[in-house]
Amino acid sequence: MSTDAPARPQTQDPPAAATAGRAAHDETPLAAAHPQATMYHAIGVLLVLGRLTPEEARSVLRTISQRTNTKLRDVATLLVQWARSGDLRADIRSELARQLRPRPRGGTAAPRG
């Protein structure tokens with residue numbers, strides 16, 4: 001009996017551009033199975049980071065999207081990636097900091113501005 005591992009079939013690697021584009025949107029298998037999963041993950045990041053309610057977190061995501069002229073799903077993807085890597089686009093980072101500034105309690109859940 002031979003202990004050699006079976007030979008792997010030769011496959012062609014996908015072009016680097018295709019892989020890079022896919023990586024930006026393929027967060028997890030869950031995200032592929034449930035398109036809203038990345039949005040829910042981003043809301044979770046904001047819940048913990050900013051001690052927000054789910055409604056406030058959604059509002060913050062929308063406001064960041066509008067003020068940075070970035071699609072909402074892209075903002076969500078970038079926030080989820082940031083939670084893992086620590087890297088975040090400068091415009092989104094500064095708007096996130098602005099949105100998470102402490103504010104007086106007892107106010108409404110309206111976006112900060």
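Mentor: Helix 3 covers residues 37-50, and its 14 residues reach 20 Å from the first C-alpha to the last, close to the 20 Å expected at 1.5 Å a residue; the expected span is 1.5 Å times one less than the number of residues. Helices here are DSSP runs (H or I, at least four residues), numbered from the N terminus. The model is predicted: local features need pLDDT of at least 70 and side-chain atom pairs count only at pLDDT 80 or more, while totals for chains, interfaces and linings use all residues. Residues are numbered from 1 along each chain as its sequence is written, and side-chain values use heavy atoms, with hydrogens and water left out.

Within helix 3, the buried residues are A37, T38, M39, A42, I43, V45 and L46; buried means under 20% relative accessible area with a 1.4 Å probe, protein chains only. After the helix comes R51, with a positive phi near 50°.

L46 also belongs to the largest nonpolar core, which has 18 residues, and is listed with L61, L79 and L96 as having the most contacts inside it. Helix 3, helix 4, helix 5 (72-85) and helix 6 (90-99) each give two or more residues to this core. Such a core is a set of buried Ala, Val, Leu, Ile, Met, Phe, Trp, Tyr and Cys residues joined through side-chain atoms within 4.5 Å.

Methods
Buried < 20%, exposed > 50% of the residue type's maximum accessible area, 1.4 Å probe, protein only.
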